[in-house]
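Here is a quick tour for anyone opening this structure for the first time. Have a look at the picture, then read on.

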Amino acid sequence: MSSLVLTIRETLRYRGAIGQWSWVLHRITGLGVVLFLALHVLGVGMAFYAPGLWEKEIAVYQSPLFTIGEFALVACVIYHAYNGLRISIFDFNPRLWKHQKRAAYIVLAATVVTLVPVFALMFNHVLHFYETSPQVVGIPFIIETLLPYMIGGAVAVILAVVIAGVLGLFVKGGPQTVSAKHLDNKVERFWWSFMRISGVLIIPLVFGHLMGQHVIQGVFDITAIDKVVVGTSSVNLSGTATEYVAHRWNELVAGIAIWRAYDVALLALVVVHGFNGLRYVLTDYTMGSPLLRRASIVLTLGAGAGLLLFGAGALIGNIDQDAINMAVKTACELGRVVVGCEAVP
Ligand code: HEM
Ligand code: HEM
C-alpha cells in the first residue's frame with residue numbers, strides 16, 4: 001500500500017515527461033477495462049445461466065449513469081489499444097527508441113481523432129433512445145443489481161488472502177520475480193512477449209466487437225423490438241437482451257457459429273491479457289508484503305481462470321425458447337417494454 005502512495009506522489013511530482021503520463025494512462029485505462037470485463041462476462045454469461053439477471057444488467061447498462069461510463073469505456077479501450085501498439089512496436093524495435101516522445105503524442109492525437117466520430121455516432125444512438133422509448137432505471141435498482149457482483153468481488157479478495165496465507169506455510173520465501181520488469185526469469189519472459197503479441201491480436205477483435213455494439217448499433221438496440229440483430233439475419237421479436245445474444249450465438253455461416261467462435265477468441269485473449277496485466281499492477285503495489293503479493297497472484301489466477309470457465313460454459317451452452325421466456329417474464333416484472341408479457345405465466 002505504501003508503494004501505491006509513493007507511486008501516486010512521485011507521479012504528481014514528476015513534471016513534464018510525456019512517457020511518464022502515458023505509462024500512468026496505460027495503467028489506468030487497462031484497469032478500467034479489466035474491471036468492466038469481469039462484470040461484462042458474468043453479465044453476458046447469465047443469458048445462458050440465469051436470463052433474468054442478464055435482463056437486469058442490460059437495464060443498468062442503459063441507465064444515464066452507465067451511458068457516461070460507456071463513453072469512458074470506449075475512450076479507455078481506444079487509448080490503451082493505440083498506446084499498447086506503440087509499446088509493442090518499440091519494444092520489438094529498440095532502434096526506434098529515439099522517436100518515443102513523438103510516438104506518445106501521436107497516440108494521444110490518434111485517440112482524439114478516432115473518438116470524435118465514434119462519440120458522435122454513439123451520441124446519436126443515445127439521443128434516439130431518449131426521444132423514442134426511455135426505460136430508465138434508478139440508482140437503487142443499479143445498486144441492487146450490482147451488489148451481488150461487488151459482494152462476490154470482496155469474497156474473492158478475502159479467499160485469495162486466506163489461500164495465500166495457507167500457501168505461505170508451505171512455500172518458503174514466496175514468488176520472487178513477478179513484475180514485468182524482471183525479465184530474468186523464463187516464465188516472466190514468456191508473459192512479456194504474450195502481453196505484446198496478444199495485445200496486437202486483440203485490437204481487431206475488440207474494435208470489431210465495439211463497432212457492432214456501439215457504432216453500427218448502440219447499446220440500446222440490444223433490447224430494440226423487431227430489429228435485425230447486428231451481424232445476423234434474425235430479428236429480435238421479444239425485445240429481450242437474452243434473445244439478442246441467442247441470435248448472435250446461433251448465427252451460422254457455412255455451418256460455423258461465427259459469433260461464438262469470435263467470442264471464444266475474444267474471451268480467451270482479453271481475460272488472459274487483462275488478468276495478467278492486473279497481476280503486474282497488484283504485485284507492483286504489494287512488494288512490501290509477501291502475503292499480499294502471493295494473494296495478488298492467487299486472486300488474478302483464480303479469478304481469471306474462473307471467468308474463462310464461466311464465459312466458455314455460456315458460449316457452448318444453448319439459449320433456447322425457455323430461456324427467452326424467462327427473460328420476458330423478468331423484463332415484464334421490471335416494467336420494461338418487451339413483447340409477450342401476456343403469453344408468459
Ligand atoms: C486492444 C488491444 C490491447 C493492446 C494493444 C494492449 C497492449 C498492452 C501492452 C503492450 C501492455 C504492457 C505489458 C507490459 O508492461 O509488459 C498492456 C498492459 C495491460 N493491459 Fe493491455 N492491451 C490491449 C487490450 C487490453 C484489454 C482489453 C485489457 C483489459 C481486459 C487490458 C488490460 C491491461 C492491463 C491491466 C495491463 C497492465 C498495465 C500495467 O502494468 O500498467 N489490455 N497492454
Ligand atoms: C458497453 C460495451 C459493450 C457491450 C454493450 C457489449 C455487448 C456484448 C454482447 C451483447 C455480447 C454477447 C454476444 C455477442 O453479441 O457477441 C458480448 C460478449 C462478449 N463481450 Fe462485449 N460488449 C461491450 C464491450 C466489451 C469489451 C470492451 C470487451 C473486452 C474487453 C468485451 C468482451 C466480450 C466478451 C469476452 C464476450 C463473450 C462473453 C462470454 O463468453 O460469455 N465486450 N458483449
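## Around ligand 2

Helix α2 is the top contributor to the shell around ligand 2, giving 6 residues. Keep in mind that this is a predicted model. In total, 25 residues surround the ligand, and the closest are Gln213, Arg248, Asp263, Leu267 and Gly311.

## Where α7 meets α9

Two of those helices also meet each other. The axes of α7 (residues 186–216) and α9 (residues 258–284) come within 9 Å and cross at roughly 135°, so the pair counts as oblique. The crossing of α7 and α9 is left-handed.

On the α7 side, the contact includes Trp191, Met195, Leu205 and His209, and among their partners in α9 are Ala265, Leu269, His273 and Gly277. By class, this contact of α7 with α9 has 11 nonpolar residues, 6 polar ones and no charged ones.

Most residues other than glycine have a negative phi. Asp226 has a positive one, about 60°, although it is not a glycine. You'll find Asp226 in the loop between α7 and β1 (227–228).

Ala254 isn't a glycine either, yet its phi is positive, at about 50°. Ala254 sits in the loop between β3 (252–253) and β4 (256–257).

Notes
Residues are numbered from 1 along each chain as its sequence is written. Chains are lettered from A and ligands numbered from 1 in the order in which they are written. This is a predicted model: local features need pLDDT of at least 70, side-chain atom pairs count only at pLDDT 80 or more; totals for chains, interfaces and linings use all residues. Axes are lines fitted to C-alpha atoms, for helices over the stretch in contact, and angles run from 0 to 180 degrees between N-to-C directions. Helices (H or I, at least four residues) and strands (E, at least two) are DSSP runs, numbered from the N terminus. Angles under 35 degrees count as roughly parallel, over 145 as roughly antiparallel, 65 to 115 as roughly perpendicular and the rest as oblique. A crossing is left-handed if the near helix is turned anticlockwise from the far one by less than a right angle, and right-handed if clockwise. Two residues are in contact if their C-beta atoms, placed from the backbone, lie within 7 Å. Ala, Val, Leu, Ile, Met, Phe, Trp, Tyr, Cys and Pro count as nonpolar, Asp, Glu, Lys and Arg as charged, and the others, Gly among them, as polar. A residue is near a molecule or strand if its C-beta atom, placed from the backbone, lies within 6 Å of it.
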